[in-house]
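Me: I have a model open in my viewer and would like to learn how to read it. Could you walk me through some features, one at a time?

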Amino acid sequence: MAETQTWKLLLPRQLRHLPADLAGVIGVVILTNLAALLPVISDTPVRIIFGLVFVLFVPGYAFIAALFPEAGSGPTADDETDLGPQADGIDGIERTALSFGLSIALVPLVGLVLNFTPWGIRLLPILVSLSGLTLVLTAVAAVRRWALPADERFRVPCRAWLSAGRDELFSPASRTDAVLNVLLVLSILLAAASVGYAVTVPKDGERFSEFYLLTEDEDGELVADGYPTEFQQGEGRSLIVGIGNQEHEQTDYTVIAELQRVERIGNQTRVRERSELRRFQPTLGHNETWQRQHEVTPRMTGDRLRLQYLLYRGPPPESVNQSTAYREVHLWVNVTG
């Protein structure tokens, strides 16, 4: 006991006297950031569990704690503090319900604000924004509680809840209550098992591969714009070829770049002449992205030539064309001699 008290003395006075529920909010914020950013833990279901608790409940709870620092008028608060009704407070059930509702409202607002910033809606900006907002609200809640008399402050009535739950489960008033308690416990266990299974064994979403062409703008940024369309025979111009693997498994790809002279016959495009420019054969794990610079140096000349990139999963077939490819992108270019 003495060692515990000595350890607490190492903390700042504000942290030593921080209410238990607000300390729990700070703990969830820290654990969520660790679960989302640490390399080993971020690939496990722990990240999803902490992320759901954090996003759906914690910011709203901190906001409600800042708005209502006083004890509520519900029976739980009366049992724990023996205060009598408090006109300005809310009880535990209202506090919990409002916490969920406000979290669902606050998180999209934070995302909307981030969407108009240079950082965008990405993992790190979202973590920093939500964590910072929650910690600020927690600090406001702590200051407002400390400003109240000790007997008027809200505190989580853990002992009263445990006592009431123990009496309800093990000393029911009637046989009907006992049956209902058993059904309630079984329902909670079934719900927890279902959520746990859904988290630990997630269903694979749609399987697909992204395939795209990019160029480099004046600032060195990669953009899907400003593609070169005018070429000189034998002179190279650069394009960036990209693949994004969303196949939920490691995949071998083959990319074939061709320059083709085509003609339109009815509703069909027929290739009259083709010249292969380059092949790439990357291997990507799920959710990995591959990008390579391709220096296009045409040897064929003419107007309205088709610069086509064909994507295959695995080795390509003997007949390489648009109908056998998994994905295809192309540009119409002019090449002068």
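Me: Let's begin with V28. Which residues does V28 touch, leaving out those up to four places away in sequence?
Reply: Keep in mind that this is a predicted model. With close sequence neighbours set aside, V28 touches V53 and V58. V28 itself is found in helix α3. Look at F50 too: 22 residues separate V28 and F50 along the chain, and their C-alpha atoms are 7.4 Å apart.

Me: How do I read the way two helices pack?
Reply: In general, two packed helices are described by the angle between their axes and the distance between the axes. Take helix α3 (residues 20-37) and α8 here: the angle is about 170°, and the axes are 10 Å apart. An angle over 145 degrees counts as roughly antiparallel, and α3 and α8 are therefore roughly antiparallel to each other.

Me: Which residues of α3 and α8 meet?
Reply: From α3 come D21, L22, V25, I26, V29, T32, N33, A36 and L37. They meet L123, L124, L127, S131, T134, L135, T138, A141, A142 and R145 in α8. Sorted by class, this contact has 12 nonpolar, 5 polar and 2 charged residues.

Me: And how do α5 and α7 pack, by angle and distance?
Reply: Helix α5 (residues 58-67) and helix α7 (residues 92-115) pack at an angle of about 120°, and their axes are 6 Å apart. The crossing of α5 past α7 is right-handed. On the α5 side, the contact is made by V58, P59, G60, Y61, F63, I64 and A65; on the α7 side, by R95, L98, S99, L102, S103 and L106. These residues divide into 9 nonpolar, 3 polar and 1 charged.

Me: One last stop: where does E235 lie, and what does E235 touch beyond four places in sequence?
Reply: E235 lies in the loop between β3 (230-232) and β4 (237-246). Beyond its sequence neighbours, E235 touches V296, T297 and P298. E235 and V296 are 61 residues apart in sequence, yet 8.0 Å apart in space, C-alpha to C-alpha.

Definitions and conventions: Residues numbered from 1 in each chain as written. Predicted model: local features only at pLDDT ≥ 70, side-chain atom pairs only at ≥ 80, totals over all residues. Heavy atoms only, no water. Axes fitted to C-alpha atoms, helices over the stretch in contact; angles between N-to-C directions. Helix = DSSP H or I, 4+ residues; strand = E, 2+ residues; numbered from the N terminus. Left-handed = near helix turned anticlockwise from the far one by under 90°. Contact = heavy atoms within 4.5 Å. Nonpolar A, V, L, I, M, F, W, Y, C, P; charged D, E, K, R; others polar. Parallel < 35°, antiparallel > 145°, perpendicular 65-115°, else oblique.
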